[in-house]
Amino acid sequence: MAKVDPATNVVADVSKSERPEDGSVGWRLSTSEGNTPNRSADVSYRAPVARVEAGVQQYGNDFRATAEVDGAIALAGGSVFATNRIDDAFAVVDAGVPGVAVQYQNRPIGRTNSRGLILIPGLKSYEPNTVSIDPSNLPVDADVPSTKDIVVPADRSGVVIRFGVSNKPKAALVSFIDKGGAPLEAGVSGRLENSLETFVVGYDGEAYIHGLERQNAIVIERADGSTCAAQFAYDPAPGQQVQIGNVVCQ
């Protein structure tokens with residue numbers, strides 16, 4: 001009859017890695033079976049305010065349990081944040097509205113809070129760091145000036161990234177035609193009278209114009225060097241893209 005060497009151990013180890021975004025869970029199960037069994041189980045959870053890890057271990061007839069909470073307090077952008085551990089640089093993203101999905105180096109990192117803010121730990125100092133937002137879940141009338149920024153923070157410091165998203169943009173898609181009824185040519189520029197707001201006319205005479213009031217007057221510089229003027233009314237419609245058609249510029 002064959003005999004098993006009493007010094008022989010059978011080892012097994014399975015795990016799931018924790019990801020950097022909020023709500024990520026990681027775990028590990030490990031066992032070493034032999035004369036003295038050594039078994040352990042660990043689980044970790046990355047919450048928005050800290051990282052929590054707990055584990056249990058059996059070694060022979062002995063048992064132990066461990067727990068760890070790892071986090072940081074940061075002050076930036078006029079706000080105080082409880083966040084995960086910060087070992088290098090960090091960024092505060094000010095999207096302007098709550099619930100905006102934020103990515104760091106193209107990886108999901110979380111959503112902005114009720115004030116439109118989120119803190120991202122773990123940026124690399126003195127290196128380009130790409131931070132972006134996903135506007136796909138925003139209302140159709142939201143104004144999104146930009147969706148990506150690249151920052152180079154100093155060592156152990158923070159930067160504030162403002163995307164300036166607004167769900168009350170006072171903007172509309174306006175289509176312009178000349179006095180003959182033809183759409184204005186693409187590429188010409190215009191501006192709101194008594195304002196610094198400018199815009200560019202695209203295909204089919206359409207232009208997306210910010211900073212509108214109830215009544216608006218615009219001036220457009222034509223391709224031949226002449227100018228034309230137009231007036232139109234604006235009526236905001238929350239949750240909808242306002243479109244104003246066939247505004248005659250003459």
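## Ground rules

The model is predicted, so local features need pLDDT of at least 70 and side-chain atom pairs count only at pLDDT 80 or more, while totals for chains, interfaces and linings use all residues. Numbering starts from 1 along each chain as its sequence is written, and side-chain values use heavy atoms, with hydrogens and water left out.

Pairing here takes at least two DSSP bridges between two strands.

Zooming in, β16 (residues 189-192) and β17 are antiparallel partners over 3 bridges. Within that pair, G190 stands opposite F199 in β17.

## Salt bridges

There are 10 salt bridges in the structure, each a side-chain nitrogen of Lys or Arg within 4 Å of a carboxyl oxygen of Asp or Glu. One of them joins R28 and D13 at 2.4 Å, N to O. R28 belongs to β2 (residues 25-33) and D13 to β1 (residues 10-16), so this contact ties together parts 15 residues apart in sequence. R28 is partly exposed at 43% relative accessibility (that label covers the range between buried, under 20%, and exposed, over 50%, with a 1.4 Å probe and protein chains only).

Another links R222 with E185, closest N and O atoms 3.1 Å apart. R222 is in the loop between β19 (215-221) and β20, and E185 in the loop between β15 (172-177) and β16, so parts 37 residues apart get tied together. Salt bridges with shared partners also join E18, R46, R51 and E53 into one network.

Conventions:
Helices (H or I, at least four residues) and strands (E, at least two) are DSSP runs, numbered from the N terminus.
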